[in-house]
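I opened this model to take a few notes. I kept to confidence, layout and two residues.

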Amino acid sequence: MRALSCSHCGGIVNAEDTDCSHCGIPLPPNHGTQREQSFIYWFIALVIFCVFMMLWLPPDWTPL
Ligand SMILES: [Zn+2]
C-alpha cells in the first residue's frame, strides 16, 4: 500500500482510496500512478525546448 499526498489538503492518502480521508475531496481515478503527471512534465519540457530554439535560432522574417 503506497502513501500519497492529497493534492487538495496535502494529507496522506492511500493509492486505493477514492476519497481523501482528511478533507473528503474525491481523488481522481488512478491517482496512485504518476503517469499523467510525468507526461505533463515532458510536454512542458518540450514547449520550453521549442521556445528556446525559437529564441536561439530566430526565424528570418525579412521578405525575399
Ligand atoms: Zn485531502
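This is a predicted model: local features need pLDDT of at least 70, side-chain atom pairs count only at pLDDT 80 or more; totals for chains, interfaces and linings use all residues.

Is G24 buried or exposed? I counted around G24: 10 other C-beta atoms lie within 10 Å, so G24 is exposed. The cut-offs I used: buried means 20 or more other C-beta atoms within 10 Å of a residue's own, exposed means 12 or fewer, partly exposed is in between, and C-beta atoms are placed from the backbone. G24 sits in the loop between β2 and α1 (35-56).

Source notes. I number residues from 1 along each chain as its sequence is written. Mean pLDDT (the predictor's confidence in each residue, from 0 to 100) is 84 for the protein chain, and 86% of its residues reach 70 or more. Strand β1 (residues 3-5) has the lowest mean, 83, and strand β2 (residues 12-14) the highest, 90. I keep one caution: where pLDDT is low, the coordinates should not be read in detail.

Layout. I find 1 helix and 2 strands in the protein chain, in the order β-β-α from the N terminus. Helices (H or I, at least four residues) and strands (E, at least two) are DSSP runs, numbered from the N terminus. Buried residues are 5% of the 64 in the protein chain.

Then I looked at I12, in strand β2. I12 counts as exposed because it has 11 C-beta neighbours inside 10 Å. Which residues does I12 contact, leaving aside neighbours within four places in sequence? I get A3 and S5, a contact being C-beta atoms, placed from the backbone, within 7 Å. I12 and H22 are 8.1 Å apart, C-alpha to C-alpha, and 10 residues apart in sequence.

Terms used. Two residues are in contact if their C-beta atoms, placed from the backbone, lie within 7 Å.
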